[in-house]
Amino acid sequence: SEDVLSKDAGECAICLEELQQGDTIARLPCLCIYHKGQVFLRMDIRSCIDEWFEVNRSCPEHPSD
């Protein structure tokens, strides 16, 4: 599901950038969270989980789920 992060939550396991309050995130069924929507990272615009799902349909941290 898509949500807005209410507080800082460590780093995104896909891009390794910080998940910061106000970021749009995707929360997977395993409860892992990743950047969702347009995120501006080091002069790059990306949607981490959308790009990940173009290649792989499982959670990056729980590939067997």
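1. Glu-11 first: at 46% relative accessibility it counts as partly exposed, the class between buried (under 20% relative accessible area) and exposed (over 50%), using a 1.4 Å probe and protein chains only. Glu-11 sits in the loop between strand 1 (2–4) and strand 2 (24–27). Setting aside neighbours within four places in sequence, Glu-11 is in contact with Leu-16, Glu-17, Glu-18 and Leu-19, contact being heavy atoms within 4.5 Å. Its C-alpha atom is 9.4 Å from that of Ile-33, 22 residues apart along the chain.

2. Before going on, the ground rules. This is a predicted model, where local features need pLDDT of at least 70 and side-chain atom pairs count only at pLDDT 80 or more, while totals for chains, interfaces and linings use all residues. Residues are numbered from 1 along each chain as its sequence is written, and side-chain values use heavy atoms, with hydrogens and water left out.

3. Overall layout: the chain has one helix and five strands, in the order β-β-β-β-β-α from the N terminus. Helices (H or I, at least four residues) and strands (E, at least two) are DSSP runs, numbered from the N terminus. Of the 65 residues, 31% count as buried. Among contacts between residues at least 6 apart in sequence, 28% join residues at least 24 apart.

4. The UniProt annotation "domain: RING-type", from an unreviewed entry, covers residues 11–36; such annotations may be inferred rather than shown by experiment. In the model, that span is 0% helix and 27% strand, and its end C-alpha atoms lie 13 Å apart.

5. Which backbone angles deserve a look? I'd pick Leu-16, with a positive phi of about 65°, and Leu-31, with a positive phi of about 80°; neither is a glycine. Most residues other than glycine have a negative phi. Leu-16 is in the loop between strand 1 and strand 2 and is exposed, with a relative accessible area of 53%. Leu-31 is in the loop between strand 2 and strand 3 (33–35), and at 62% relative accessibility Leu-31 counts as exposed too.

6. Is Ser-58 buried or exposed? Ser-58 is buried, because its relative accessible area is 11%. Ser-58 lies in the segment after helix 1 (48–55). Leaving out neighbours within four places in sequence, Ser-58 is in contact with Trp-52, Phe-53 and Pro-63.
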